[in-house]
Amino acid sequence: MAAGAWQFVDGARADMLDGTFDLDSDTFKMALFLSTSNLSTSSTTFAGVTNEHSGVNGYTSGGASITLSISGTTTVTVDIDTDPVWTADGGSITARFACIYEVAGNVLCFCLLDSAPGDVTATDGNTLTMQTHANGVFTLADAA
Amino acid sequence: MDYSKMSVDELINESIKLKREIAELKDRRVAIKEAIKRNNDEAAIRAKLGKLSEGERNALREVYGLGDVVVTPGPARLNLKGG
């Protein structure tokens, strides 16, 4: 099982450039979605994305709070300070996608938890960790 | 071993010793047969697992679990174009 890469939604680039997203100041969350979700590059607001994992089995609707940080100068990396971890409790947590979104705002990016594509399941008592890649969520650097 | 030169007591003892060794060998044979059966069962299960659909595998995961899951998405790609 290998996860896919984070993928920006279509509006995210403009949202970053016009200040809609202040990545290291605004409040962001990471949420999990089912295979039936309409989450795609066309997604805009978090409210418009369907079929989030229901708020059961250790998952809270809306997902987990995350803090995005920006580091570097010529190569700037956007990273998640603390990896979100969900512990399945009373049943399994099964999801197809994760997304990062601004609270009460737009979706920044999303990924497949299993690039197959497939669902990922943490069974009762086990954890599901969204571990940040060594290169963060994305990096902005001079063109090679 | 020349049994014709042994006393009756020695022959009886030798017979008892052989009987005990036969019993031990029988136990070992049973253990070997059980190990073969376990290996065959495991091989059959592995062969079956390779043919399961994603839904069947997920159902098995639901029942038996896979332990903690760590997902590491790769970084997003931005393509900046300069003038």
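How many salt bridges are there between chain A and chain B? I looked, and the count is zero. My cut-off for a salt bridge was a side-chain nitrogen of Lys or Arg within 4 Å of a carboxyl oxygen of Asp or Glu.

Ground rules, for my own later use. This is a predicted model, where local features need pLDDT of at least 70 and side-chain atom pairs count only at pLDDT 80 or more, while totals for chains, interfaces and linings use all residues. Residues are numbered from 1 along each chain as its sequence is written, chains are lettered from A and ligands numbered from 1 in the order in which they are written, and side-chain values use heavy atoms, with hydrogens and water left out.

**Interface, overall**

I went on to what does join A and B. I found 33 residues of chain A in contact (heavy atoms within 4.5 Å) with 18 residues of chain B. The buried area between them comes to about 2,100 Å², and carbon and sulfur atoms give 58% of that. Buried area here is the accessible area (1.4 Å probe) that the two parts lose on being put together, summed over both. On chain A's share, I noted that Thr121(A), Thr123(A) and Gln131(A) supply 20%, more than any other three residues.

Polar contacts next: the rule finds nine residue pairs across the interface, both partners at pLDDT 80 or more. A polar contact is a pair of N or O atoms within 3.5 Å; within protein, one must be able to donate a hydrogen and the other to accept it, and residues adjacent in sequence count only if both atoms are side-chain atoms.

**Interface, by element**

I checked which strands of chain A take part. Strands are DSSP runs of E, at least two residues, and helices are runs of H or I, at least four, numbered from the N terminus. By class, that side of chain A has 16 nonpolar, 14 polar and three charged residues. For the classes, Ala, Val, Leu, Ile, Met, Phe, Trp, Tyr, Cys and Pro count as nonpolar, Asp, Glu, Lys and Arg as charged, and the others, Gly among them, as polar.

β11(A) also pairs with β1 (residues 69–71) of chain B, in the parallel sense and over three bridges; pairing needs at least two DSSP bridges. Thr129(A) stands opposite Val70(B) there.

Chain B itself reads α-α-β along the sequence. Of its 83 residues, 11% count as buried. Buried means under 20% relative accessible area, exposed over 50%, partly exposed in between (1.4 Å probe, protein chains only).

**Salt bridges elsewhere**

Asp119(A) forms one with Arg96(A), closest N and O atoms 2.7 Å apart. Asp119(A) sits in the β9–β10 loop and Arg96(A) in the β7–β8 loop, so the pair ties together parts 23 residues apart in sequence. Asp119(A) is buried at 18%, and Arg96(A) is buried at 16%.

The other joins Lys5(B) and Asp2(B), 3.8 Å from N to O. Here Lys5(B) is exposed at 71% and Asp2(B) partly exposed at 38%.

**Gly91(A)**

Last stop: Gly91(A), in the loop between β6 (85–87) and β7. I have it as buried, at 15% relative accessibility. Leaving aside neighbours within four places in sequence, Gly91(A) is in contact with Asn57(A), Ala122(A), Thr123(A) and Asp124(A). Gly125(A) is 34 residues from Gly91(A) in sequence and 8.1 Å away, C-alpha to C-alpha.
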